[in-house]
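Thank you all for making time this morning.

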Amino acid sequence: MNSSQCHVIAITNQKGGVGKTTTAMNLASQLALAGERTLVIDCDPHGNLTQGFGFPIQELPVTIGDLLVDRTIPSNRAIVRAKAGLDLIGANPGLAQAARWMVTQTNAELRLKQRIAELRRLYTRIVIDSCPGLGPLLNSVLNASDHLIIPVDTGFYGYMGVQELQSEISEIKAGTNPALSILGVVLTMADRTVITRETLDALVAQFGDLVFATTIRRCVALRESPGAGLSVTQYAPDSIGAEDYGRLAAEVESRLMEIRIRAVETAKSEVAHA
Ligand SMILES: Nc1ncnc2c1ncn2[C@@H]1O[C@H](COP(=O)(O)OP(=O)(O)OP(=O)(O)O)[C@@H](O)[C@H]1O
Ligand SMILES: [Mg+2]
């Protein structure tokens, strides 16, 4: 497989509890269901995504933290098959130690990018779940990714969180990853309240077309499915959570298609002007 066919999409927001893990888990599952060769990587030491796919975090033989610290371990040794028909590289609290170690090393925040470079030829989609907060793990994820999806929950703080993240993204773009782009902003835990409407309006005012038309509604099955080690589509195929993440995946795919078309057109016009 040509590694240029692979899109690396990170789910980021430094605010906690906005639906990053839920989005990583269910978007990755939907992409796999649509036939994409998909890998999902847990980059949070809490290992919520890993556990959500039914893996007890202390039992994984090789995790993303091991790959970041020890260059001698082949990347494919960390890959396990999640029940949702996609591959997973898990995390455990050892990743927090790895993050502390990283700040003492030169350029360690580029190690995730190097690991992912090795994996690009095996997959067409790599989805990364990131941890809340700023620091070496978020920087690693921003350096390693092509695109970002930012979940925002309803309310003032969710909206403020995106503004802080934007300055972090600008720094990374100006430095080590100029190609990084925001693929979209998605409102999560939406309901019929005024605050949901106001948050959506504020997001559209700031991000315009970058805001996905799909909003992820509050859904009990989304809360319950990780406890069963399943994606929401497997756990409750008729739930609104399954419907919303299916629609989000379709929007993600159509945005990636537009990006590919634009890249081809740019390459053609460069050849024409050469
Ligand atoms: N659409 C939804 N409807 C109902 N509950 C949801 C929804 N999305 C997420 N949740 C629940 O909200 C909580 C936080 O979601 P999640 O763990 O995905 O957020 P997070 O951004 O990854 O959090 P953290 O920053 O702590 O990693 C979880 O209990 C999750 O099950
Ligand atoms: Mg999480």
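Let me begin with a question you can follow on the screen: which residues of H11 are buried? Before I answer, please keep in mind that what you see is a predicted model. The buried residues in H11 are Gly 241, Ala 242, Asp 244, Tyr 245, Leu 248, Ala 249 and Val 252. The helix itself covers residues 240-273, which is 34 residues, and it reaches 49 Å from its first C-alpha to its last, close to the 50 Å expected at 1.5 Å a residue. As for what those buried residues pack against, the partners are H1, strand E7 (181-188), H9 and helix H10 (232-235).

Let me turn now to the sheet. It is an open sheet of seven strands with mixed pairing, and its order reads E3-E4-E2-E5-E1-E6-E7. Strand E3 (79-82) and E7 stand at the edges with a single partner strand each, so one side of each is left without a neighbour in the sheet. On average, and ignoring direction, neighbouring strands of this sheet are turned by 25 degrees against each other.

Two helices deserve a mention here. H1 packs on the sheet, where it touches E1, E2, E4, E5, strand E6 (147-153) and E7, and its direction makes about 170 degrees with that of E5. Helix H6, residues 136-144, also packs on the sheet, touching E1, E2 and E5, and the direction of H6 makes about 160 degrees with that of E5.

Since E5 keeps coming up, let us look at that strand, which runs from residue 125 to residue 130. Six of its six residues are buried, so E5 is largely enclosed by the rest of the structure. In a regular strand the side chains alternate between the two faces of the sheet. Here, Arg 125, Val 127 and Asp 129 point one way from E5, while Ile 126, Ile 128 and Ser 130 point the other way, and all are buried.

What joins E5 to other strands? Strand E1, residues 7-11, runs parallel to E5 and is joined to it by five bridges, with Ala 10 standing opposite Ile 128. Strand E2, residues 38-43, is likewise parallel to E5, and six bridges join the two; there, Val 40 has Val 127 as its bridge partner. E2 also pairs in the parallel sense with strand E4, residues 86-89, over three bridges, and in that pairing Val 40 stands opposite Leu 88.

Why does Ile 128 count as buried? The reason is that it has 29 C-beta neighbours inside 10 Å, where 20 or more are required. Leaving aside neighbours within four places in sequence, Ile 128 is in contact with Val 8, Ala 10, Ile 11, Ile 41, Cys 43, Val 141, Ala 144 and Ser 145.

Finally, the ligand. Of the 17 residues around ligand 1, those that come nearest are Gly 16, Lys 20, Thr 21, Thr 22 and Pro 132. The elements giving two or more residues to this shell are helix H1 (20-33) and helix H9 (220-224), and the largest share, three residues, comes from H1. By class, the shell has six nonpolar, seven polar and four charged residues.

Methods: Residues are numbered from 1 along each chain as its sequence is written. Chains are lettered from A and ligands numbered from 1 in the order in which they are written. This is a predicted model: local features need pLDDT of at least 70, side-chain atom pairs count only at pLDDT 80 or more; totals for chains, interfaces and linings use all residues. A residue is near a molecule or strand if its C-beta atom, placed from the backbone, lies within 6 Å of it. Helices (H or I, at least four residues) and strands (E, at least two) are DSSP runs, numbered from the N terminus. Ala, Val, Leu, Ile, Met, Phe, Trp, Tyr, Cys and Pro count as nonpolar, Asp, Glu, Lys and Arg as charged, and the others, Gly among them, as polar. The expected span of a helix is 1.5 Å times one less than its number of residues. A residue is buried if 20 or more other C-beta atoms lie within 10 Å of its own, exposed if 12 or fewer, and partly exposed in between; C-beta atoms are placed from the backbone. Two residues are in contact if their C-beta atoms, placed from the backbone, lie within 7 Å. Two strands pair if DSSP finds at least two bridges between them. Axes are lines fitted to C-alpha atoms, for helices over the stretch in contact, and angles run from 0 to 180 degrees between N-to-C directions.
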